[in-house]
Amino acid sequence: EEVFRYVEQHTESVAARLAALRGLSRCVYRRADFEGACALTNEAVAEARASGDLYELAVSRRVWAAVRAVSSEPEGAAEALIDAAGVFRELEALRDEAQCEYLLAWHFSAQEQPEPTLVAARRAADAAENLGDVRLGLESRWLLGVATADLGDVAEAQRIMEKLLEDSRRAGVLDSIRCTAETLVNIHIERGNLTEAAEVLKLQGRLANSCAEPIARFWQQETRGELLAHQGDLAAAAATMDEALARPVDYWNASLVVGANCHRSTVAWALGDSAGGEAALARAQQYLTADGDEVGLEMLCRIASAGRAIVATSPEAAGSAMEPLVRLRRGYEGGDRRSSQWRIQAKLVEANLGRWTDMFDKLVTSGDLYFIASDGGWFRTPEGTWVSLRLRLRLVAMLACLARHEVASVEVIVAEVWEGEVMTPSSALNRIRATISMLRSEGLGALIQHNADGYFLDREHCYVYE
């Protein structure tokens, strides 16, 4: 704020003013004032556009997009980054272009889209190598490894992270060493390599003790507790996790605290400590609203609730709670970097509360029911096949529309699936028929039916999962 006031008073340079404005917006954003940051970046874009300076406009749009790219309001971020990258390419500002690709990878990662994350991260890593930008290269390769893991190739992700950890240590970039070590520990736990996880965790412990960053110590201690739980020493795991959770937390660490409390609740229920499990889950839910990724963190809480349901031996409660756990176990759920945490949490539940498989299979894997996600993102066939539609947004919108309505008329479908678009009746019918046909070919077949009033799901043979 001081710098911005000084620039306003002592210079008429548009570039200097815009640089100060963009810097202020970053600080405001880091203070968790999203609306304030948006207002400042809007101002920067407007001033840059008025100045007619293409470079300044592209930089301002990049910062505008960066504020939104990992937020809960990401609309327009990808388009702004792609446009800015194009301008930088024309101006031969290669370093700025590489930054756009890196931010684009972050945006796709935050939006749970691992395939475009992989593409953008690879482009950013290649550009960083050509530019000799070590830090950008390391950060881009980390996103590349995370996306690879989320796409299911955990062995390749491990290879990427092991090489990245080696290069980060050689370059002496502590942030990269810490993030890579954290991810590599999670990958080892997920693959059952507990000895290797312990070795990497020792390195993380040395780093945590040598730096003043509280989050590093918190993560190292909480993960050590998690590792102890996977090794079967539940009492030591509980004590270690409690010690980690006694540390202070701020807004930016909320997601870690949700995960840690979910892990702690699972350990408590495995120990038969119902009161401790309830208390930990309540703490996790308390922090849900403090983080932009409420959906991902809610998934963690639901998986943790599975432990409670099983301990209570309530088939009805267990049936609804275990569904996300089964999805994760079968490799369905892809997403941002936290999806590996979801899978690890699922393994922790399974390892310590192993009765879930038979119970869940008795509840939902027999009969001829389809399970349909209410948001249209996935469905499960009676044969047990899970189908993800997450990257096919039009199919997601159509299935969600059918799940919401007993019968969806042509008018309702057009309004919800092609919101805001103007089209002729014949064009609308053609689009609807084509989209319904694609859904049927994905595996829904005769479940989608049609009459004079519109399209609908055969409710006798499906269950819409909220």
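## Cysteines without a bridge

Let's start with the cysteines: searching the whole structure turns up zero disulfides. Please keep in mind that this is a predicted model. Cys 100 is buried, and its relative accessible area is 1%. Cys 462 is buried too, with a relative accessible area of 8%. Both values fall under the 20% cut-off, and therefore both residues count as buried.

## The chain overall

Now a step back to the whole molecule. The protein chain has 466 residues, of which 51% are buried. Its secondary structure comes to 22 helices and six strands.

How far apart in sequence are the residues that touch? Taking contacts in the protein chain between residues at least 6 apart in sequence, 57% join residues at least 24 apart.

## A buried threonine and an exposed glutamate

Thr 41 has its place in helix H3, which spans residues 34-51. With a relative accessibility of 2%, Thr 41 counts as buried. If you set aside the neighbours within four places in sequence, Thr 41 is in contact with Ser 25, Val 63, Trp 64, Val 67 and Arg 68.

Is Glu 92 buried or exposed? At 65% relative accessibility, Glu 92 counts as exposed, because the value is over 50%. You will find Glu 92 in the loop between helix H5 (77-90) and helix H6 (94-110). The backbone deserves a glance as well: most residues other than glycine have a negative phi. Glu 92 is not a glycine, yet its phi is positive, at about 60 degrees.

E1 runs antiparallel to strand E2 (residues 378-380), and two bridges join them. Within this pair, Ile 372 stands opposite Phe 379 of E2. Four residues lie between E1 and E2 in the hairpin they form, and Gly 376 in the turn has a positive phi of about 80 degrees.

Gln 449 has Phe 456 in E5 as its bridge partner.

## A proline beside a cysteine

Pro 382 sits in the loop between E2 and strand E3 (386-388). This proline counts as buried, at 15% relative accessibility. Which distance separates the C-alpha atoms of Pro 382 and Cys 462? They are separated by 9.1 Å, although the two residues are 80 residues apart along the chain.

## Where H20 meets H22

Two packed helices are described by the angle between their axes and the distance between the axes. For helix H20 (residues 393-404) and helix H22 (residues 425-444), the axes come within 10 Å and cross at roughly 90 degrees. An angle from 65 to 115 degrees counts as roughly perpendicular, so that is how H20 and H22 are placed to each other.

On the H20 side, the contact involves Arg 394, Leu 395, Met 398, Leu 399 and Leu 402. Their partners in H22 are Ile 432, Thr 435, Ile 436, Met 438, Leu 439, Glu 442 and Leu 444. By type, the residues of this contact divide into nine nonpolar, one polar and two charged.

Key:
Residues are numbered from 1 along each chain as its sequence is written. This is a predicted model: local features need pLDDT of at least 70, side-chain atom pairs count only at pLDDT 80 or more; totals for chains, interfaces and linings use all residues. Side-chain values use heavy atoms; hydrogens and water are left out. Axes are lines fitted to C-alpha atoms, for helices over the stretch in contact, and angles run from 0 to 180 degrees between N-to-C directions. Angles under 35 degrees count as roughly parallel, over 145 as roughly antiparallel, 65 to 115 as roughly perpendicular and the rest as oblique. Contact means heavy atoms within 4.5 Å. Ala, Val, Leu, Ile, Met, Phe, Trp, Tyr, Cys and Pro count as nonpolar, Asp, Glu, Lys and Arg as charged, and the others, Gly among them, as polar. Two strands pair if DSSP finds at least two bridges between them. A disulfide is a pair of cysteine sulfur atoms within 2.5 Å. Buried means under 20% relative accessible area, exposed over 50%, partly exposed in between (1.4 Å probe, protein chains only).
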